[in-house]
Each structure stands twice: as structure tokens, then as C-alpha cells.
Amino acid sequence: MLYENKIIIPHYLYMLIRGIVLIEGVGLKLDPEFNITKNLEPYTAKILRKRFSLKYLFKKNLNRLKDINALADTLPDDINTIIKKIKDGKLEIVHEHKGLKEFQTATSKAVNRLVFSVIIAALSIGSSLLVMAKMPPLINGIPLLGAIGFVLSAILGFYIIISIFRNDQF
């Protein structure tokens with residue numbers, strides 16, 4: 001239903017719904033009278049009682065008040081420090097790329113495979129031209145250089161296919 005209606009939800013929520021549907025399916029197979037909502041009712045009631053209890057709400061809001069108080073204490077000094085650095089021209093912004101190294105490695109491997117494939121294609125085309133031109137020396141009517149080119153391109157082609165299947169060992 002989610003897919004058909006183009007509803008996008010977080011992955012963890014999707015997995016929760018999927019788990020509940022699976023549990024309901026197994027429950028109905030074992031007991032046709034199984035009702036998932038009736039079986040989950042005590043747990044949901046317990047969670048709701050805990051979430052809306054005065055103790056929980058008080059503790060949650062007390063922590064928020066502590067955070068706001070700490071922010072109010074440090075914010076003016078932090079703003080003054082930032083403004084002073086801007087005025088002095090000493091403000092530094094550090095930008096860090098996360099996952100860039102892995103991206104560079106993957107891109108490098110892909111480019112290497114692509115170059116390798118172009119070389120194989122060129123070798124195959126060149127060998128085809130030699131065979132079509134019947135360039136001597138001939139062995140059984142096949143030009144030797146053309147045959148060597150085809151064998152090399154086949155070996156290199158198998159090598160690249162094996163390296164792709166080995167999952168990024170190329």
C-alpha cells in the first residue's frame with residue numbers, strides 16, 4: 001500500500017510495519033481468530049502511559065530547560081567571539097568531506113576498468129583489420145598478428161570480467 005500510494009517513510013518505520021505484518025500473518029496461520037491489535041494493546045497502553053506520565057514529561061522538560069539555560073549562558077560570549085574573529089579576519093571555516101576517499105577509490109576503479117575496456121576494444125578492432133587484410137605471416141590462412149591480438153584481447157577481457165565479479169579487486 002505504501003508503494004502504490006507513493007508514501008515515503010523512514011527505513012526503521014518500514015521495517016517495524018513489515019515485522020508486524022509478518023507476525024500477524026504467522027499468527028493468523030496458527031490461529032485464525034488471532035487479532036494483532038488485541039494482542040498489542042497492553043504493550044501500546046504501557047508505552048503511552050510511560051510517554052505521557054507526569055514524571056516523564058517533567059524530566060524531559062527539565063532537561064530542555066537545562067539546555068536552554070546553558071545556551072543562554074554561553075550564547076552571548078560565543079556570538080562576541082565569532083564577531084571579533086570576523087572583524088579581525090581570522091574566522092576559519094573547516095569543511096570536511098565525508099566519504100570522499102571511498103568515492104575517489106570507486107571512481108578510480110571504474111575509470112581504470114573503462115580504460116582497460118577501451119584498450120581491449122581497440123585491440124579487437126585492430127586484430128579484425130589485420131585478419132580482414134590477410135597481412136602476412138599467415139598460419140592456416142589466418143594472419144599471425146591478428147590471431148595474437150584476438151588471444152590477448154580475450155585474455156584481457158576475461159581478466160576484467162573476473163575482476164568485476166570479484167567485487168572491486170581490479
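Me: How many aromatic pairs does the structure hold?
Reply: Happy to start there. This is a predicted model, where local features need pLDDT of at least 70, side-chain atom pairs count only at pLDDT 80 or more, and totals for chains, interfaces and linings use all residues. Residues are numbered from 1 along each chain as its sequence is written, and side-chain values use heavy atoms, with hydrogens and water left out. Rings of Phe, Tyr and Trp (its six-membered ring) pair if their centres lie within 6.5 Å, and the number of such pairs here is one.

Me: Is the pair of phenylalanine 116 and tyrosine 159 stacked or edge-to-face?
Reply: Planes under 30 degrees apart count as stacked, over 60 as edge-to-face and the rest as tilted. The ring centres of phenylalanine 116 and tyrosine 159 are 6.0 Å apart and the planes stand at 75°, so the pair is edge-to-face.

Me: How many residues apart in sequence are the parts that this pair ties together?
Reply: Helices (H or I, at least four residues) and strands (E, at least two) are DSSP runs, numbered from the N terminus. Phenylalanine 116 sits in helix α4 (residues 100-133) and tyrosine 159 in helix α5 (residues 144-165), so the parts tied together are apart in sequence by 43 residues.

Me: What is the relative accessible area of serine 153?
Reply: Buried means under 20% relative accessible area, exposed over 50%, and partly exposed in between (1.4 Å probe, protein chains only). Tyrosine 159 is partly exposed at 43%. Serine 153, placed in helix α5, is buried, with a relative accessible area of 7%.

Me: Which side chain makes a polar contact with the side chain of serine 153?
Reply: A polar contact is a pair of N or O atoms within 3.5 Å; within protein, one must be able to donate a hydrogen and the other to accept it, and residues adjacent in sequence count only if both atoms are side-chain atoms. A polar atom of the serine 153 side chain also lies 3.0 Å from the backbone oxygen of phenylalanine 150. The side-chain partner, at 3.3 Å, is serine 124.

Me: Which residues does serine 153 touch, not counting those up to four places away in sequence?
Reply: Contact means heavy atoms within 4.5 Å. With residues up to four places away in sequence set aside, serine 153 touches Ile120, Leu123 and Ser124.

Me: What is included in the cover of the buried residues of α4?
Reply: In α4, the buried residues include Phe116 and Ile120. Among what covers the buried residues of this helix is α5.

Me: What is the radius of gyration of the protein chain?
Reply: The chain has five helices and two strands, running α-α-α-α-β-β-α from the N terminus on. The radius of gyration is taken over C-alpha atoms, and the globule rule is 2.2 Å times the number of residues to the power 0.38. That rule gives 15 Å for 170 residues, and the chain is well over this, so it is more spread out than a compact globule, with a radius of gyration of 34 Å.
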